[in-house]
Amino acid sequence: MRAEASRGRRFPEAPHPYRSEFARDRDRIVHSRAFRRLEAKTQVFTTRYSDHFRNRLTHTLEVSQIARTVAAALGANTELAEALALVHDIGHPPFGHSGERKLDEMMRAHGGGFNHNLHALRIVEQFEHRYLDFSGLNLTFEVREGIIKHSRDYPPMKFPQLAEYLLDQRPPLEAQLIDWVDEIAYNTADLDDAREADLLDLSALCEEVPAFREAFARVDAEHPSGRDKLKFNEALKRILDFLATDLIQSTEQRLRAFGPVTVEDVRTAPNRLAGFSDAAAERNAELKRFLFTHIYNHPAITEDRDRSVRCLEELFSYYVAMPKSMPSSYEELAQSSPRYIVVCDYIAGMTDQFLLRQHAEHFSV
């Protein structure tokens, strides 16, 4: 996707003398308030056990690094891939996917719903206020499109409000890569953080994830006297390299087989062209199964998570029921929009600790 071929911005702007349109988008995302808030939003592990765990921001940076590498190897637009990687999680509410599920549950009780990709689009279109001439960040069409379409397709009939984003077409290759590099980043990083938290059973990992067992065995044979932690690190690095390499090679094979010449050819392909081979997809699935079985549902994780999500639920109900309980700017919005939507927007923008402080303030006994 060439920047000069972009469909442009909602509000036209003069070209920058030395930055491409996608480089400008990348920079606007990095300078946004929503991006900075990612530092204080949980990825999987809280700081209860260590200050070294990934948070939503450091995870985003790791996704960005892998995205640039993969895009460059494929000859894709690295600036567009980087912008999409940096923006892909800004719509997440507090407390990770558990917070998102609870917020969606609360919204459905009012006839709505919550989706972090759609919320991210609202953030960059409406909620960020940094410019005199327009609300939002005024990002290019391709970045806005990639925000909502990088991880799934939306049926046009069910989402008429998104009609401008070509829902009957595939997104450009750069957007298609993001969900895959996201999985590579969090599957490997969550294993690393689990070991940091002393929650990882290495023998169980080797037994249930053959790819890791084989990688660790090779490292152990090459460095028999090495420290176990460093051997683990090296094996995990090889898993990441295997997945990234497979993503590049498998995507190249699909591109050669389909033979697209233009971005429009990619858009009108019957299926997405980016992805793992079947073998790598199974290796990746084994990692995910292990993480869900042994880490994500570990009592040390669920205890913090469940307590925090209860606070989110109680705070949502409190704000909906109590007039004048939110800051004045949100209360003003609630005069012209359904109150539960404004409450959802307010809570989704909170960091973990800010939400817990608000809960303590309103529910202190």
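Analyst: L166 is buried, at a relative accessible area of 17%, where buried means under 20%, exposed over 50% and partly exposed in between (1.4 Å probe, protein chains only). The model is predicted: local features need pLDDT of at least 70, side-chain atom pairs count only at pLDDT 80 or more, and totals for chains, interfaces and linings use all residues. Residues are numbered from 1 along each chain as its sequence is written, and side-chain values use heavy atoms, with hydrogens and water left out.

L166 sits in the loop between α7 (141–149) and α8 (173–196); helices here are DSSP runs (H or I, at least four residues), as strands are (E, at least two), numbered from the N terminus. The phi of L166 is near 55 degrees, positive although the residue is not glycine. Most residues other than glycine have a negative phi. D198 also has a positive phi without being glycine, near 60 degrees. D198 belongs to the loop between α8 and α9 (202–208) and is exposed, with 69% relative accessibility.

Helix α8 packs against α11 (residues 228–258) at an angle of about 165 degrees, with the axes 11 Å apart. Axes are lines fitted to C-alpha atoms over the stretch in contact, and angles run from 0 to 180 degrees between N-to-C directions. The two helices α8 and α11 are therefore roughly antiparallel (over 145 degrees; under 35 is roughly parallel, 65 to 115 roughly perpendicular, the rest oblique). By class, the contact of α8 with α11 has 14 nonpolar, 3 polar and 4 charged residues (nonpolar: Ala, Val, Leu, Ile, Met, Phe, Trp, Tyr, Cys and Pro; charged: Asp, Glu, Lys and Arg; polar: the others, Gly among them).

P270, in the loop between α12 (263–267) and α13 (278–296), touches R170 and F258, leaving aside residues up to four places away in sequence. P270 is exposed at 56% relative accessibility.

The crossing of α14 and α17 is left-handed. Among the residues in contact are C311 and Y318 of α14 and L355 and F363 of α17.

Helix α16 (residues 339–348) has 9 of its 10 residues buried, so it is largely enclosed by the rest of the structure. The buried residues include R339, C344 and D345, and their cover includes α5 (96–108), α6 (116–127), α14, α15 (328–333) and α17.

The whole structure contains 0 disulfides, a disulfide being a pair of cysteine sulfur atoms within 2.5 Å. For C311, the nearest cysteine sulfur is that of C344, 17 Å away, which is too far for a bond. C311 is buried at 11% relative accessible area, and C344 is buried at 3%.

Conventions. A crossing is left-handed if the near helix is turned anticlockwise from the far one by less than a right angle, and right-handed if clockwise. Contact means heavy atoms within 4.5 Å.
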